[in-house]
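Please keep the structure open beside the text as you read.

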Amino acid sequence: MEAFYALATEDYRQLALAADWPGLLAERAHEGWSLLDVACGSGKFPTALRHYTDLSALPELAYDLLDPSAFSVAEARAALGPPFSAREDLVMTLQDLPADQTGYDVVWATHALYALPPTELDAAAERFVAALAPGGLGLVAQATAASHYLAFYDAFRAGVREATPYTSAEQVRDSLVRAGADVRDQRVTYTTGTSDRAVVEGFLQRCAFDDSVSLEEMEAAPVLGDYLASCRGASGAYTFSHEAALLWL
């Protein structure tokens with residue numbers, strides 16, 4: 001995980017800098033307001049917001065943490081600080097969110113929905129839309145089909161082992177629209193990279209959710225090897241190209 005976040009922390013910095021977060025949140029701020037963090041992971045996005053933006057003028061925001069992993073919920077809770085105040089721990093998937101969990105002023109899911117089964121995507125989108133209060137702020141930030149995370153995993157599936165594809169931003173956007181949401185699609189492009197092969201290996205293993213395949217094995221694999229060669233410069237350093245869609249509701 002340390003190797004993964006040596007590069008992936010940039011994903012959250014980009015999201016924090018992609019919008020006027022203090023202004024967007026201030027427009028919805030009121031006493032007793034609430035936020036739902038969908039598939040909260042380890043709390044990297046609120047951490048990035050607190051680091052790269054000034055939220056000091058905002059009132060305390062009740063912050064509910066949703067994730068099927070109790071470990072992730074605990075990690076995210078520990079990472080929160082003002083104005084975010086941890087409230088409910090919801091150890092479940094988005095599609096299992098109870099129907100009475102509604103009225104949130106803010107609902108976001110940041111680089112969080114890749115493993116959502118395609119057959120359950122529409123149900124999850126419906127719950128996301130339903131959880132948001134009228135006039136609330138919703139955001140799904142997700143890599144597009146052209147981004148490293150999906151391109152790498154497609155090559156991994158083709159060259160190493162078959163698995164269910166990751167869910168793309170385009171698929172999430174279409175499901176949100178089917179659920180009745182008015183969605184604005186904003187794109188952010190950037191790169192990450194390093195010449196440290198240990199970091200590259202750990203990063204790619206986490207991208208594949210498989211730490212049993214070494215970097216050397218990935219580089220030698222059919223299809224995947226060609227993809228990785230396209231990311232590697234003459235010096236041997238890796239550069240990964242990212243495109244994230246910010247889907248605003």
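Let us begin with Arg-187, which is partly exposed at 36% relative accessibility. Bear in mind that this is a predicted model. The partner of Arg-187 is Asp-185, and their closest N and O atoms lie 2.8 Å apart in a salt bridge. Asp-185 counts as partly exposed too, because its relative accessibility is 30%.

Arg-173 is partly exposed, with 23% relative accessible area, and Asp-174 is partly exposed at 35%. Side chains of opposite charge can pair when their charged atoms come close.

A further salt bridge joins Arg-157 and Glu-162. Are these two residues buried or exposed? Arg-157 counts as buried, since its relative accessibility of 17% falls under the 20% limit. Glu-162, by contrast, is exposed at 58%, because the cut-off for exposed is over 50%. The total for the model comes to 15 salt bridges; three of them are set out here.

| Salt bridge | N to O distance |
|---|---|
| Arg-157 and Glu-162 | 3.0 Å |
| Asp-185 and Arg-187 | 2.8 Å |

Arg-157 also leads us to helix α6, where it is one of the buried residues. Helix α6 covers residues 148-159, and at 1.5 Å a residue its 12 residues should span 16 Å; the end C-alpha atoms are 16 Å apart, so the two values agree. Why can α6 be called largely enclosed by the rest of the structure? The reason is that 9 of its 12 residues are buried. Among them are His-148, Tyr-149, Leu-150, Phe-152 and Tyr-153. The cover over the buried residues of α6 includes helices α1 (2-17), α8 (197-208), α9 (215-220) and α10 (224-231), together with strands β5 (132-143) and β7 (238-248).

Both of those strands belong to an open sheet of 7 strands with mixed pairing, ordered β3-β2-β1-β4-β5-β7-β6. At its edges stand β3 (84-90) and β6 (184-194); each has a single partner strand, so one side of each is left without a neighbour in the sheet. On average, neighbouring strands here are turned by 20° against each other, direction ignored.

Further in, β1 (residues 34-38) and β4 (residues 104-110) pair in the parallel sense over 3 bridges. Which residue of β4 is the bridge partner of Asp-37? That partner is Trp-108.

How values were computed:
Residues numbered from 1 in each chain as written. Predicted model: local features only at pLDDT ≥ 70, side-chain atom pairs only at ≥ 80, totals over all residues. Heavy atoms only, no water. Salt bridge = Lys/Arg side-chain N within 4 Å of Asp/Glu carboxyl O. Buried < 20%, exposed > 50% of the residue type's maximum accessible area, 1.4 Å probe, protein only. Helix = DSSP H or I, 4+ residues; strand = E, 2+ residues; numbered from the N terminus. Expected span 1.5 Å × (residues − 1). Contact = heavy atoms within 4.5 Å. Pairing = 2+ DSSP bridges. Axes fitted to C-alpha atoms, helices over the stretch in contact; angles between N-to-C directions.
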